[in-house]
Amino acid sequence: MSSARSRTTTETTGLTESSRPTYPIKLSVAAILLAAALGLIVGMSDIANTSIGWHLASGRWVLDHHAVPRTDMFSFTAEGREWIDHEWLFQTLTAVTHRIGSEPLLVVLRALFVAALSVLMLLLARRGGLDPPGALILAALCLYGARIRFFLRPELATLLIVPSVVWVFLDRRNDRHWLLKLAILMALGANLHAGVLVAPPLLAVLLLGEWLRSRLTPQAAAPSLLSGVLGLAVASATPLLNPYGWKLYTVPFKVAHLVGLPQIPNPEWISPSPADVPPLFVALAVGLLVLAARERDPTRWLLFVISSLLALRYVRNVGLFFALLPIAVAPALARLTTDRRRHRPGFATAAAAAVVAIVALSVVVAPRYHLGFSFSESFYPHRACDFMEREGLLTNPVYNDVRFGGYLINRHFPDRQVFIDDRNEIHEPLLSEIYRLFQTSDQAGWHSMLERYGVTTALLRYNQPFRVVSPGGEFVESRGFSALWFPADQWALLYWDDTAMVLAQRSATDPALLDRCEYRMIRPDDLEHLERRLATDPDLRPAVASELARALEDQPDNRRALALSEFLLSLPSTQ
């Protein structure tokens, strides 16, 4: 068995045992520890993503009811609509984690996922022929490239399972239990995240590559194509071992239907550009050069090409590309660098340590990275929700922005439901209705929709200025979202900070609350319009200054209030 494994490794990497530099076992252990430490650093930041709230709420529901959800229960606009909660097992894991250790332990859970991925990429690079320093360098660089997808969400499970499935499949000749491992990984993945369904198409492509290899180089030993067909069949069938059965396979088709629809804008489903994700395009260029120089196995080429196309098609696939990259390029890198490393293992070790340090430092100093153990204060509307609870504004249905839906579900379900959240497949009819209203600037239709759902309070985030068009489709002006869709004659702004605004319908709100809390002059998402008015109408300035003073007294760190105050001070005196 040992000699067979040695022969296969040599065929895979093109290296002979005599050409390999020798490294002590403690260096391999050190590389694993460094990879794990780097993953912990990258994953140890505040939680800031839109979906974690409803994941937690769904996990709690599973724990309390010993069943999985079948219909939507979180929103009052889609209650009862069919819902395939294909992430139920990950949600249960996060709910248990949260019950044990609250938010800090959730951050630790994500860091452990990222650390496991870092170690996995290191091990895959080692199995591909790279020695500990080279494998550590490749794993660190891939971790850096994939970091934009390290949200606390089920995708993390897919990033671990899919590369493991691919490697088990490629290495099946050396493992008598490979089919069992493949089945377990796919069945587990199908209950953690439907993203694992990308594995069977990948295995089909790899099987094609093995067939091409057998045709191009018939003298090279290769795994049996029959065993590959069996593995593909098992990988395709075992995902049916989930509570929804065959319906799980409908999820990718529903996603494909939603992607590209104008009424469902989702940054995850756009094509990345070099400015958006520079590491992706650097990796594509370097990977092509490495493969062109030293790779003749069509299997590795096809894996690289398919994972590249997935990443270039959608931003959300960037993490998967980097997770698969060590499998695709490590053998060629091993052939390319062995002669250079043979007599300089000390230099390679120092280079690996330097790369790990540079990657760790670049992640920690990145603008969006904030070392912490809680839900982000700047991403979630903590203080705005405190205000609504304190002032009794949650009695009737609340309109909320998509970003805040998950947070509200986690905070208030089952006592209260939300208007909308980021489960696009659930809210497609509502999103289509809203899109039509926005396209025509149909304010009357908007107010009719809010009235239909009984909405009397609104929790808004800050958006880009909204384009106002005439009934004929001609551009009129740009205004803040709240100014256009929650006009001051019908809606009063009662609270605002740098994350959210709270507005209440005048006709349904206690006049005493309006007198005490309303901001009559300021709409903080419409400041450009206000600044133009202030520049031409000095009589407005005292009232605005008074409201700014009140806002800053309540929140001295309110950046929007500080910026408007500076603008006021910059205006020429009228005296």
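I'll start with Arg 423, which is found in the loop between helix H16, residues 402–412, and helix H17, residues 424–439. Keep in mind that this is a predicted model.

Is Arg 423 buried or exposed? Its relative accessible area is 1%, so Arg 423 is buried. Leaving out residues up to four places away in sequence, Arg 423 touches Trp 54, Asp 72, Phe 74 and Trp 83. As for distance, Arg 423 and Ile 327 are 96 residues apart along the chain, and their C-alpha atoms are separated by 33 Å.

The largest nonpolar core has 134 residues, and Val 166 and Leu 459 touch the most other members. Which element gives this core its largest share? That is H4, with 15 residues. There is also a second, separate core of 43 residues, which includes Leu 258, Leu 460, Phe 481 and Leu 493.

Back to Val 166. Setting aside its neighbours within four places in sequence, Val 166 is in contact with Leu 202, Leu 203 and Leu 206, and also with Leu 303, Leu 324 and Ile 327.

Next, helix H7, residues 178–192. With 15 residues at 1.5 Å a residue, H7 should span 21 Å, and its end C-alpha atoms are 21 Å apart, so the two agree. The buried residues of H7 are Trp 178, Leu 182, Ala 183, Leu 185, Met 186, Ala 187, Gly 189, Ala 190, Asn 191 and Leu 192. What covers them? The cover includes helix H4 (88–127), helix H6 (155–170), helix H8 (199–216) and helix H9 (225–237).

Another loop residue is Thr 456, placed between helix H18, residues 443–452, and strand S2, residues 457–460. The relative accessibility of Thr 456 is 12%, and the cut-off for buried is under 20%, so Thr 456 counts as buried. Not counting residues up to four places away in sequence, Thr 456 touches Asn 396, Pro 397, Trp 491, Leu 503, Ala 504, Gln 505 and Ala 508.

How many cavities of 30 Å³ or more does the structure hold? It holds 1. About 30 Å³ of space lies in the largest cavity. Its lining consists of Glu 377, Tyr 380, His 382, Arg 383, Asp 497 and Thr 499. By class, that lining has 3 charged, 2 polar and 1 nonpolar residues.

Conventions
Residues numbered from 1 in each chain as written. Predicted model: local features only at pLDDT ≥ 70, side-chain atom pairs only at ≥ 80, totals over all residues. Heavy atoms only, no water. Helix = DSSP H or I, 4+ residues; strand = E, 2+ residues; numbered from the N terminus. Expected span 1.5 Å × (residues − 1). Buried < 20%, exposed > 50% of the residue type's maximum accessible area, 1.4 Å probe, protein only. Contact = heavy atoms within 4.5 Å. 1 Å grid on protein atoms, 1.4 Å probe; cavity = no way out; pocket = protein on both sides within 12 Å on 5 of 7 lines; lining within 4 Å. Points joined across faces, edges and corners; volume = space filled by probe spheres on them. Nonpolar A, V, L, I, M, F, W, Y, C, P; charged D, E, K, R; others polar. Core = buried A, V, L, I, M, F, W, Y, C linked by side-chain atoms within 4.5 Å.
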